[in-house]
Structures are given as C-alpha cells and as structure tokens.
Amino acid sequence: MSGPGPGRRAVVMAGAGALAAGVLGVPIAAGWRGRSSTGSELRSRLRLPQPFGSPLMIPPVLEPSATTADADHYVVRQYPVRTEIVPGYTTEVWTYGGTFPGPTIRSRRGRRAIVEHINELPVPTAVHLHGGVTPPEHDGYPTDLILPDEKWDGHDAHHRDVTVRRRTYEYPLPQRASTLWYHDHRMDFTAPAVWRGLAGFHLVGDEEEDALDLPGGDRDIPLALMDRAFDGSGAFRYPAVDPTLTHPPGVHPPYEAGVLGDVVLVNGRPWPYHEVDTALHRLRLLNASNARRYRLRFEVEGGDELPVVQIGSDHGLLPRPVGHDAVELAPAERFDVLVDFRELRTGTRVRVVNDLGDGSTAVVMRFDVTRAVADGRDVPDVLSPTFERLRASDAVRTRRMTFRSQGIDGKHGWVVNGEPFSPDSVQATVALGSTEIWELTADFHHPVHLHLAPFQVLGRGTGGPGPYDDGWKDTVDLRPAEAARILVRFDGYRGRYVFHCHNLEHEDMMMMANFDVV
Ligand SMILES: [Cu+2]
C-alpha cells in the first residue's frame with residue numbers, strides 16, 4: 001500500500017491572518033482567513049474509532065402514508081433516539097423518523113409532497129426543505145415554529161405562525177430533478193439542532209433525468225458529510241451557551257466562527273466503508289456540516305486517482321458533464337457526480353480523502369470493490385438539452401450584500417449589510433419573475449444560501465465563475481475577502497423569504513436577512 005493516508009496535511013491557503021483582528025477587535029478572528037474552513041475544531045474526548053470500521057448506512061426511503069392522484073403524503077415524527085455511532089458507545093440523536101440522517105423522501109417534479117411533521121422533541125422546530133421552490137408558509141421560516149406543547153415559554157422571538165405539536169408542509173416541487181435536503185431552521189438554534197441530527201435527503205426526479213439512464217438502485221448513493229465531536233460518554237459535544245437550547249442562543253468562545261468536529265460522519269457513520277461492484281456509480285454528495293468545507297479526491301490505494309465527473313449541482317443536471325480531479329464543497333452545497341469503478345480489479349480499495357482536512361478529518365470514507373460485473377453504461381455526452389442559461393442583460397438591477405463579522409450587544413456576531421437578522425426588517429423587495437444581479441462580499445468563508453430562488457454564478461472578483469460554480473445553485477461558497485456576482489430569477493411565489501450564511505453558527509449569530517417577493 002502506498003499513497004497518503006489519514007495523516008495527510010491539509011492544503012492551507014496563503015495569506016493568513018492579514019485582515020482578522022481589526023474587524024471587530026475580537027482576538028479569535030486572527031488566523032481564520034488562512035484556513036480552509038472558518039471555525040474552530042472541537043476535539044472528541046473518547047478514543048476515535050479506526051477509519052473504515054463501519055459499513056455505510058443508506059438512509060431508508062420513506063414510504064408515503066397515502067397517495068392521491070397528484071400528491072404523496074408522508075408523516076415524520078421528530079424524536080430522540082439512542083444509537084451507536086462510535087462503536088462501543090451510545091449517542092443520543094435528534095431524529096426525523098428515528099434515523100440519522102432522516103429518511104430519504106423521493107418525489108417527482110410537479111407532484112406534491114405533503115409532509116406532516118410531529119414534534120416530540122423538547123424544543124420548538126421548523127423544517128426547511130433546502131432548495132425547494134416552496135410557498136412561504138411552507139418554507140420553514142425561522143419563526144414559523146412547531147412548539148413541543150402549548151405551554152412552551154422558552155423563546156422570545158416574534159413568532160409569525162406557530163403551531164403546536166404538528167404541522168403539515170406542502171411542497172409543490174415545480175422544479176428540475178435535483179438533490180434537495182431538509183433540515184431544522186429554528187431561529188437562533190439551527191446549528192445545535194442540525195448538529196444533533198435533524199437533517200435528511202429529499203430527492204426529486206423528472207423525465208429528463210430518466211431519459212439519461214444514469215446509474216440507479218444501489219448505484220445511486222446519497223452521501224451526507226457531517227463532522228461531529230463526542231464527549232467521553234459517547235454523547236455529541238457542542239459548545240452551546242445553553243445546552244437545553246432554550247435561551248440564550250449561541251456558542252461559547254472560541255467557537256463563534258463555526259464549530260468543526262474531529263470525526264467525519266458519512267450518513268451518520270464514522271469514516272465508513274462501502275462495497276461496490278465494478279460499475280459506474282452516481283454519488284450525490286451533500287455537505288451537511290455546520291461549518292466545515294471539504295475538498296474530496298478519490299485515491300485508489302496503491303494506484304492513481306479516479307477522476308470525478310460532475311453531472312449536477314444544487315439544482316439539478318448540468319448541461320454537460322464536467323470533469324474534476326477533486327470536488328470542493330462548502331456547507332449545504334450538493335455535487336452530483338459519477339465515479340467509475342469499471343476498470344478496477346476486485347479487492348481494490350478507493351479512499352475518499354479531504355485535502356482541506358487535517359489529521360482525522362483528512363479522510364472521509366472508503367469504497368471497496370468486491371464484485372466484478374459487466375457494466376456497459378457510460379457517461380452521457382449531453383445531460384440537459386433544455387438547460388436554461390440566465391442572461392445578465394435581463395437583470396433589472398444590481399444589489400450589493402456584504403457578509404461580515406460585527407459586534408452585537410457587546411458579543412460576537414455576524415451580519416448582512418451591517419444588520420443582524422430581524423424577522424421585521426427587509427433587505428430587498430423584488431418583483432415576482434424578475435431577474436437581478438446580487439453582488440455578495442465576504443470577510444471570511446460564508447456559504448450564502450437563498451431560499452426560493454436558484455441562481456447562476458456570473459463571476460468571482462474580476463474573473464468568471466470558479467470551477468465549482470457550474471449549473472443552477474442555491475448556495476455559493478464565498479471565500480475570505482471575496483466577492484461573487486450571482487444572477488437570480490425570483491420565480492415561484494410571493495411572500496417573505498430569508499437568505500443567509502449556511503455556516504450554521506453564523507446563521508444563528510444573526511447572519512440572515514429577508515427578501516420580499518411582491
Ligand atoms: Cu458565514
């Protein structure tokens with residue numbers, strides 16, 4: 001065996017620390033700029049398991065509770081479960097439907113998914129379908145809470161639309177085949193709730209995708225990457241100011257820049273292995289981590305690397321496949337890729353390594369080639385003949401949005417255009433159906449996510465789009481001191497939606513704002 005192993009060093013960007021402390025006078029700011037992720041690593045207090053000791057778990061596909069001519073109905077109970085994540089230890093996880101990640105919902109374009117969520121957790125929740133083109137009352141607005149009971153009194157936010165115990169979300173899904181995901185979005189407490197387990201896949205299919213004959217069944221694998229840390233008892237560690245997630249929100253210093261774990265979970269298992277046959281495989285990569293960024297490569301043990309062929313982005317198929325030697329994912333981004341195991345012999349092992357990790361986080365999982373089969377399938381030359389490119393000349397205006405660190409009430413915070421999030425303050429009023437250019441500027445890493453409206457990246461700085469900006473996106477990976485221009489068309493529904501940083505600690509520390517579609 002040769003090749004870099006788990007001890008491989010991270011690639012560190014040049015120019016560390018230049019901006020840093022001055023922004024706020026907060027000393028922990030120093031150094032973030034030079035790192036591959038913005039945040040501080042929380043160390044586990046148990047002996048870390050050996051990599052590749054657990055089999056990959058594929059989240060179960062949720063069966064509808066009822067099906068009508070144009071809709072599938074689902075019921076999802078949210079409740080705590082004790083489960084084994086690190087072998088030999090038990091971890092309490094907050095689940096959708098008893099699994100971590102939650103069950104995968106599979107839908108078709110234009111066919112409604114109606115999902116009733118029942119909150120049996122000790123705190124309010126709000127469910128957001130990330131990437132869903134969804135009416136505002138079903139979008140999981142951060143104050144549209146499902147309270148655990150009518151007596152709940154722990155939170156002082158301006159509740160907009162509160163239900164007790166249960167709520168039914170309707171998703172019309174008028175959108176292209178894509179890899180969406182659902183996760184908690186409660187105001188001020190999204191980061192710890194997702195850390196405890198509240199995330200799952202929601203996959204949308206359509207006829208255009210069907211026509212491609214892409215790898216399916218066992219060869220279409222959703223992979224959710226989440227870094228976590230554990231205490232000595234096996235419980236998740238998280239530096240919440242209030243561990244009951246009642247009040248006040250936020251994390252202890254020095255984690256305000258983001259919480260990074262030292263254990264990489266894929267679909268809830270630490271550094272798993274997965275047995276594959278000698279066939280083309282489709283991997284739906286989701287970075288469901290709170291703050292960690294990854295740069296993934298597929299290293300054949302004792303050999304070369306496998307190229308990664310990107311076929312889709314956040315919102316579905318690219319016009320044509322794009323080859324990469326690595327895939328870089330910021331929190332919330334999805335990359336739909338094909339990896340070709342056809343030329344490998346049985347017994348070959350392929351490590352997925354993370355160039356942006358260090359020590360235990362430099363490796364992610366392993367594929368073990370165990371069965372020889374004949375697979376005549378190939379990568380299609382054209383993926384989406386109907387792909388629509390937005391035109392900058394259609395934009396009716398340009399807005400500038402800055403994402404920066406700023407003190408809020410004497411504490412560390414993160415803001416959009418100088419303002420901490422308030423449900424009552426609106427940063428942009430846009431016309432339904434109109435196209436705009438938004439220029440987004442960042443001080444540190446800020447993966448910026450817009451609800452409702454997918455977009456296309458026009459460029460970064462003075463240049464064009466980056467290598468990972470192709471296709472329709474809903475999250476753009478802004479790096480330190482970077483500006484990106486995106487072209488957004490506000491199709492769908494009228495109402496109030498949020499856009500925010502998807503570093504979840506930043507989001508909870510107020511890096512969120514509203515836009516109204518009128
Ligand atoms: Cu951020």
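Trainee: Buried area is the accessible area (1.4 Å probe) that two parts lose on being put together, summed over both. How much do domain 1 and domain 2 bury between them?

Mentor: About 1,900 Å², with 61% of it on carbon and sulfur atoms. On the domain 1 side, Pro423, Tyr493 and Asp508 lose the most area to domain 2, together 28% of what that side buries. Keep in mind that this is a predicted model, where local features need pLDDT of at least 70, side-chain atom pairs count only at pLDDT 80 or more, and totals for chains, interfaces and linings use all residues. Residues are numbered from 1 along each chain as its sequence is written, and side-chain values use heavy atoms, without hydrogens and water.

Trainee: Where do the domains run?

Mentor: Domain 1 is 6–23 + 389–517, domain 2 is 66–210 and domain 3 is 217–371; such bounds come from an automatic or database domain assignment.

Trainee: How many residues touch between domains 1 and 2, and how many salt bridges are there?

Mentor: 25 residues of domain 1 are in contact (heavy atoms within 4.5 Å) with 28 of domain 2. The salt bridge count is zero, taking a side-chain nitrogen of Lys or Arg within 4 Å of a carboxyl oxygen of Asp or Glu. Their centres, over C-alpha atoms, are 24 Å apart.

Trainee: New topic: what holds the copper ion?

Mentor: His446 (ND1), Cys501 (SG) and His506 (ND1) coordinate the copper ion at 2.0 to 2.1 Å. Donors here are N, O and S atoms within 2.8 Å of the metal (3.2 Å for Na, K and Ca), and water is not among the atoms, so sites may look incomplete. Histidine 446 lies in strand 32 (residues 446–450) and histidine 506 in helix 3 (residues 504–508), so the pair ties together parts 60 residues apart in sequence. Those are DSSP runs numbered from the N terminus: helices (H or I, at least four residues) and strands (E, at least two).

Trainee: Is histidine 446 buried or exposed?

Mentor: Buried, with a relative accessible area of 0%; histidine 506 is also at 0%. The cut-offs are under 20% for buried, over 50% for exposed and partly exposed in between (1.4 Å probe, protein chains only).

Trainee: And which strand has valine 498?

Mentor: Strand 36 (residues 495–501). Valine 498 is buried at 2%, and beyond four places in sequence its contacts include Phe421, Leu450 and Met512.
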